[in-house]
Amino acid sequence: MAGIGVFRIFDPKVRRHLISDEGEVVIDEVRQHWVVYSVPMLEVALAAALLLTMATTAIGVQPVLLAIVLVLLAHAFWQFLTHHRDRFVVTNMRVMRIRGVFSQTVATTPIARVLDITLQKPIIGRMLGYGHFVFESAAQDQGFREIKWVSRPDDRDLTIQRVIQRTGLRASASVDVLQGDEDSDDDGTGPIGMDSAQEVGGAYAPVTATTKTTPEARPAPPSSGAKSIFNSERGNWSDED
């Protein structure tokens, strides 16, 4: 339990890097596969064996063995923390890689800038359930070139592909909306070949292609207490009361 508490203290706390006021949420937080802890675990086992040797024999080299044990334990603990704090995070807006124990490095890039993803699964990785991601994007120099020791690589690959696809669909929808706004009639003249009065319709007389209607000749809207939203003098829409 004490070890778990120590690792919680050294947790990278990914959520404090999110843009919460813009609705950013974590889709997947990728920790490294347990295989990266095999070397530190072997070092701990070796240190335990040396301690057992020191306790059961009197060789006269206990100080040397004790120094070796301390070095092994310190290196193992450092490796544990290094791998524990190396996180690859996928959100609905971007991808991030957070690493470092005392000095922290946070590399981010928008999810839409991820151009291509290559999933590499060596034979041992297929047996143990890990793989390596190779990203082709504009953020290669920021630590996204290779993400190694990813557990459940197939599921993670599908998750990233889904987020990229949804981001692309939202971007296309936004472009369509902007194009629709640009095509709208802000000057109130209506579509090409149609006068504004035709666009309003109903309360105004239809205007044919051979008849030109001046503002003075247009019939006034019915005075039924309703507010008019068309200003005939300026020839555009008005919100005046």
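**Exercise 1.** How many residues does helix 3 have, and what does the helix reach from its first C-alpha to its last?

Solution. Start from the conventions. This is a predicted model in which local features need pLDDT of at least 70, side-chain atom pairs count only at pLDDT 80 or more, and totals for chains, interfaces and linings use all residues. Residues are numbered from 1 along each chain as its sequence is written, and side-chain values use heavy atoms, with hydrogens and water left out.

Helices (H or I, at least four residues) and strands (E, at least two) are DSSP runs numbered from the N terminus. Helix 3, residues 62–84, has 23 residues. From first to last C-alpha the helix reaches 32 Å, close to the 33 Å expected at 1.5 Å a residue. The expected span is 1.5 Å times one less than the number of residues in the helix.

**Exercise 2.** Which residues of helix 3 are buried?

Solution. Apply the cut-offs: buried means under 20% relative accessible area, exposed over 50%, and partly exposed in between, with a 1.4 Å probe and protein chains only. In helix 3 the buried residues are L65, V69, L72, A76, F80, L81, H83 and H84.

Then take H84 by itself. H84 counts as buried because its relative accessible area is 14%. H33 lies 51 residues from H84 in sequence, and their C-alpha atoms are 9.9 Å apart in space.

**Exercise 3.** State what the chain contains, and find where the pLDDT is under 50.

Solution. First, the elements: the chain has six helices and nine strands. Of its 241 residues, 31% count as buried. The accessible surface comes to about 15600 Å², and carbon and sulfur atoms hold 59% of that. Accessible areas come from the Shrake-Rupley method with a 1.4 Å probe; for residues, only the protein chains shown count as cover.

Next, the confidence. pLDDT is the predictor's confidence in each residue, from 0 to 100. The chain averages 75, and 63% of the residues score at least 70. Over residues 184–215 the pLDDT stays under 50, and the model has 35 contacts for them beyond four places in sequence. Contact means heavy atoms within 4.5 Å. Residues 223–241 also have a pLDDT below 50, with 24 contacts in the model beyond near neighbours in sequence.

**Exercise 4.** How many salt bridges are there? Describe three of them, with the exposure of each partner.

Solution. The rule is a side-chain nitrogen of Lys or Arg within 4 Å of a carboxyl oxygen of Asp or Glu. The count comes to nine.

- E29 and R15: the closest N and O atoms are 3.7 Å apart. E29 is in strand 1 and R15 is in the loop between helix 1 (2–9) and strand 1, 14 residues apart. E29 counts as buried because its relative accessibility is 16%, while R15 counts as exposed because its value is 56%.
- R94 and E24: their side chains meet at 2.7 Å, N to O. R94 belongs to strand 3 (residues 94–99) and E24 to the loop between helix 1 and strand 1, 70 residues apart. R94 is buried at 15% relative accessible area, and E24 is buried at 4%.
- D154 and K121: the closest N and O atoms are 3.1 Å apart. D154 is in helix 5 (residues 153–183) and K121 is in the loop between strand 5 (114–120) and helix 4 (123–128), 33 residues apart. D154 is partly exposed at 41%, and K121 is partly exposed at 35%.

Finally, look for linked bridges: D11, R15, E29 and R87 form a network of salt bridges.

**Exercise 5.** Which residues form a nonpolar patch on the surface?

Solution. Patches are made of residues with over 30% relative accessible area and no salt bridge; like charges are joined within 9 Å, and nonpolar side chains (Val, Leu, Ile, Met, Phe, Trp, Tyr) within 5 Å. The patch consists of W34, I123, I124, M127 and L128, with about 590 Å² of accessible area together. W34 sits in the loop between strand 1 (26–30) and helix 2 (38–56). W34 is exposed because its relative accessible area is 52%.

**Exercise 6.** What is the phi of W149, and what is that of R152?

Solution. Most residues other than glycine have a negative phi. W149 has a positive phi near 60 degrees. W149 lies in strand 7 (residues 146–151) and is partly exposed at 29%. R152 is not a glycine and has a positive phi of about 45 degrees. R152 lies in the loop between strand 7 and helix 5, and R152 counts as partly exposed at 46%.
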